[in-house]
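This report describes side-chain contacts between charged groups and between aromatic rings. The sequence and structure are shown first.

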Amino acid sequence: MIASYLAMLATLAAPASDVRPPNVVFILADDLGYGDLGCQGHPFARTPEIDRLAAQGTRFERCYSAGITCSPARTGLMTGRFPARFSPRPDRAGFGDRPTVTAALHDAGYATGHFGKWHIGPNTRPGTYGIDRIEEIGGARRDDRGRDAPIFDQAIAFIEQNRNKPFYVNIWGHISHNPVDAPDGFADRFRETRLEPERFPKPMQHKLAERIAEHGFERTEEGLREYLGELAALDAQVGRVLERLEQLGLAENTIVVFSSDQGAVGAGSAGVIGEADGEDDTHPNALGSNGALRGGKHTQFEGGVRVPFLIRWPGRIPAGRVDRGSIIAGVDWFPSVCKVAGIAAPADLDGEDVSDIWLGKERPRSRPLFWKTAAANSRASMLDGRWKFHQQRRGASGTLHDLDIDPLEAIDRADGESELARRLGEAARAWTATLPKPAVEPPPAGDARALERARKRERKKLEKSAPTAPRP
């Protein structure tokens, strides 16, 4: 094992003139839950192509998104920085002069492309963030191959056109973000599927119970079939990419990653099992599963920030491996890709190089992770190893959870681990103090009443998104 690992490192250290740097294909699903894949334990999902990717590479069980909604999560991936450091918000103003992973690779000679969902700034002209080709493609509602098929069409064409040089491509789809509406050919595959809530972990049982109470059992069962059909359509497109890489002879030197921006929408009412998430979380088709984790999108609980992460690089990243202990994160993407590409990453990133962990090394990460929304008075959450801390109010107090024994974050250990809670609370407060004040963006024509409405919306969002002490 040690000899194999050293050989992998030697390959990475080889001069660029001797070894062509790897291509990178980054497939990002939208609102896909931690428990939504067959390889992640979903009792009904059929995702053979994604499962094959996992079997041919390594599946990480503790990968964390940089944000709890779409744009912040993508900001962390592109910049290696916590999204709370940006003001105004990047979805409205972009990243300013901050370096990005795509710009770094472009400058190193990579062909760079982005296809699908954008949500990281108003400018989509070629050259933005060093991306040669940008195609912001919406979901195709009438494509019988699935709504993300046109995105994959363009991405595969880009790979074909750049097969003779190193390339980096983002394939950022819309599945499984609402509205979920699978093509008949995929939904029909699940016509015999029967809803059996007891086969899911407790958080998903809670979510299903809410849907059944509002829509009835039969409509919820039909919603599950629609959701499973969407996943199957996405899986088929992932299979197209894997097949084309093999046909072109590129698979051996291409890193392929499949992940999600953040968790699926959670349950619709507050409680130990699920938290309201402020989106259309009661739609009968919005049935993503976050596995045995608490919360969902729009929350800083595990169900909102822990995401699938599957990575394949034949001969270098161990095949068939499941890493259950290493903590990696979206902010680590930038420095880690730079490392395997043989180029220098900026020194002031929040993420760290975890490429050695990709290659099979087991070690603790050296830096904690933080989350905070753009709302002015939002509360921070912090992850340091097995311990998760949720700040309360604006001070250093908060709730403390041991994720090794309590992934539901239902047991507050702050009293029993008072010194640790104090230390993490101080760290969260100190980190928050380094952040810029969120920009207050004026409404059109300086409408004072519109500004007040906007502030009220922010306050409501804060009330819903801020962590609360769980009920015993």
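## A salt bridge within one helix

The side chains of Glu426 and Arg429 are joined by a salt bridge, with 3.0 Å from N to O; the term denotes a side-chain nitrogen of Lys or Arg within 4 Å of a carboxyl oxygen of Asp or Glu. The two residues are three apart in helix 13, a separation of about one helical turn. Helices (H or I, at least four residues) and strands (E, at least two) are DSSP runs, numbered from the N terminus.

Glu426 is partly exposed, with a relative accessible area of 31%, and Arg429 is partly exposed at 37%. Buried means under 20% relative accessible area, exposed over 50%, and partly exposed in between (1.4 Å probe, protein chains only).

## Basis of the description

The model is predicted: local features need pLDDT of at least 70 and side-chain atom pairs count only at pLDDT 80 or more, while totals for chains, interfaces and linings use all residues. Residues are numbered from 1 along each chain as its sequence is written, and side-chain values use heavy atoms, with hydrogens and water left out.

## Other salt bridges

The whole structure contains 37 salt bridges. One of them links Arg413 to Asp402, with the closest N and O atoms 3.8 Å apart. Arg413 lies in the loop between strand 13 (398-402) and helix 13 (418-433), and Asp402 belongs to strand 13, so the pair ties together parts 11 residues apart in sequence. Asp402 is buried, with a relative accessible area of 3%, whereas Arg413 is partly exposed at 25%.

Arg59 and Glu61 also form a salt bridge, at 3.2 Å between the closest N and O atoms, and both residues are buried.

## Aromatic pairs

There are 14 aromatic pairs, counted where rings of Phe, Tyr and Trp (its six-membered ring) have centres within 6.5 Å; planes under 30 degrees apart count as stacked, over 60 as edge-to-face and the rest as tilted. The rings of Phe26 and Trp172 have centres 6.4 Å apart and planes at 90 degrees, so this pair is edge-to-face. Phe26 in strand 1 (residues 23-29) and Trp172 in strand 5 (residues 167-172) are 146 residues apart, and their pairing links distant parts of the chain. Phe26 is buried at 1% relative accessibility, as is Trp172 at 0%.

Trp333 and Trp358 form a tilted pair, 5.8 Å centre to centre with 45 degrees between the planes. Both Trp333 and Trp358 are buried. One aromatic cluster comprises Phe26, Phe60, Trp172, Phe309, Trp333 and Trp358.
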